[in-house]
Amino acid sequence: MQAVLMERTGGPEVLTVREVPDPEPGEDRVLVDVAAAGVNFRDVYEREGRPPYGGELPRVAGAEGAGTVVGTGERVAWLDVPGSYAARVAASRDELVPVPDGVPLDVAAAVMLQGCTAQYLAADSHPVAEGDWVVVHSAAGGVGLLLTQLVRDRGGHVLATVSTEEKAELARDAGADDVVVGYDGFPARVRELSGGEGAAAVYDGVGRTTFAAGLTALRPTGRMILYGAASGQPEPLQLQQLALHGSLYVQRPTLGTYTRTPRMLRERAGAVLGMVAAGRLDVRIGGRYPLAEARRAHEDLEGRRTTGKLLLAV
Ligand SMILES: NC(=O)c1ccc[n+]([C@@H]2O[C@H](COP(=O)([O-])OP(=O)(O)OC[C@H]3O[C@@H](n4cnc5c(N)ncnc54)[C@H](OP(=O)(O)O)[C@@H]3O)[C@@H](O)[C@H]2O)c1
């Protein structure tokens with residue numbers, strides 16, 4: 001089969017397409033024909049060899065996708081099966097969730113990781129309540145577009161931040177009430193929009209360039225949720241800052257915590273795929289690349305040139 005191999009860790013150039021034998025499922029796993037694999041920041045970190053994404057080399061990259069089980073034809077999707085940038089992958093039943101009728105496999109592959117992330121952010125990290133104002137950074141990105149829709153679905157209001165006018169348009173289409181282009185001044189803007197109160201939560205996947213300002217955007221007892229660091233890790237936080245800005249909370253969540261049992265994975269992914277099937281969650285596929293161009297997909301994601309979700313079509 002065709003697969004994208006990492007023979008060493010490093011930049012996008014370490015991704016090479018090779019013919020390799022099909023994976024061996026053994027007794028406790030099934031073989032799945034991959035229809036599409038998701039491209040995520042997680043894959044960039046794995047490629048760079050950043051903890052906790054170590055492992056033996058060479059190996060096949062990627063972790064997310066959707067496809068059909070060989071032999072039974074069941075339609076399934078997953079978000080944490082190593083070796084997903086390939087024509088076939090071996091997975092345990094616990095790692096797979098059924099894809100409802102009416103949800104195309106490429107859409108399922110596109111929504112698993114970022115959709116489940118957006119879902120726990122809006123429902124658990126800060127359970128958005130009717131009328132809450134929140135800030136969603138990089139709102140035209142994969143998580144950002146889904147999170148904006150989920151906050152609105154729960155009756156909350158979104159101040160989005162993005163880097164360009166084109167991305168602002170996408171954030172508005174996803175339901176953002178207002179958009180700051182260029183990240184400057186978002187704390188003052190959300191304060192104004194919320195009648196002087198400030199944001200109930202700041203959802204920050206950008207990190208270094210936005211975190212400190214985000215603390216000044218929150219209402220008393222508001223929640224700073226740092227779920228990623230696309231621009232690099234923020235400076236260490238002096239806990240006293242939380243008191244100075246009004247008894248704030250900070251969380252650094254990971255999707256793994258919120259999908260740590262097969263049941264949690266099935267319920268969360270089922271909720272997300274159910275919303276897609278019902279037409280309540282729009283999944284924007286911003287780029288499709290053949291497996292052979294995985295390298296270019298990584299360059300585009302890191303280069304800030306993408307919107308929505310990137311897929312490798314197998
Ligand atoms: N904790 C979790 O459970 C979890 C799960 C999934 C993803 N994540 C994290 O969430 C973040 C977003 O993931 P995603 O897949 O949805 O990516 P994405 O938002 O589609 O892409 C990243 C976006 O970040 C913005 N950005 C700002 N400064 C940047 C910089 N210096 N370099 C690159 N991008 C920059 C860009 O948007 P603008 O051009 O609009 O600024 C860019 O498009 C990532 O940090 C990822 O690791 C965390």
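Where is the place of Pro 58? Pro 58 lies in the loop between α1 and β4, where helices (H or I, at least four residues) and strands (E, at least two) are DSSP runs, numbered from the N terminus. A cis peptide bond, with omega of about -5°, joins Leu 57 to Pro 58. Pro 52 is also placed in the loop between α1 and β4 (59-60), and the bond between Pro 51 and Pro 52 is cis, with omega of about 5°. Most residues other than glycine have a negative phi, and most peptide bonds are trans.

The model is predicted: local features need pLDDT of at least 70, side-chain atom pairs count only at pLDDT 80 or more, and totals for chains, interfaces and linings use all residues. Residues are numbered from 1 along each chain as its sequence is written, and side-chain values use heavy atoms, with hydrogens and water left out.

An unreviewed UniProt entry places the feature "domain: Enoyl reductase (ER)" at residues 10-312; UniProt positions follow the numbering used here, feature names are shortened, and annotations may be inferred rather than shown by experiment. Over residues 10-312 the chain is 32% helix and 25% strand, with 20 Å between the end C-alpha atoms.

The domain assignment, whose bounds come from an automatic or database source, gives domain 1 (2-113 + 258-313) and domain 2 (126-252). Their contact (heavy atoms within 4.5 Å) takes 13 residues from domain 1 and 15 residues from domain 2. Between them the two domains bury about 1100 Å², 55% of it on carbon and sulfur atoms; buried area is the accessible area (1.4 Å probe) that two parts lose on being put together, summed over both. On the side of domain 1, Leu 281, Arg 304 and Thr 307 lose the most area to domain 2, together 34% of what that side buries.

Across this interface the rule finds one salt bridge, defined as a side-chain nitrogen of Lys or Arg within 4 Å of a carboxyl oxygen of Asp or Glu. Asp 153 forms a salt bridge with Arg 280, and their closest N and O atoms are 2.8 Å apart. The whole structure holds 24 salt bridges. One of Arg 42 with Glu 46 has an N to O distance of 3.3 Å; because these residues are four apart in helix α1 (residues 41-48), about one helical turn separates Arg 42 and Glu 46.

In the loop between β9 (133-136) and α3 (142-153) is Ser 138. Ser 138 has a positive phi of about 45° although it is not a glycine.
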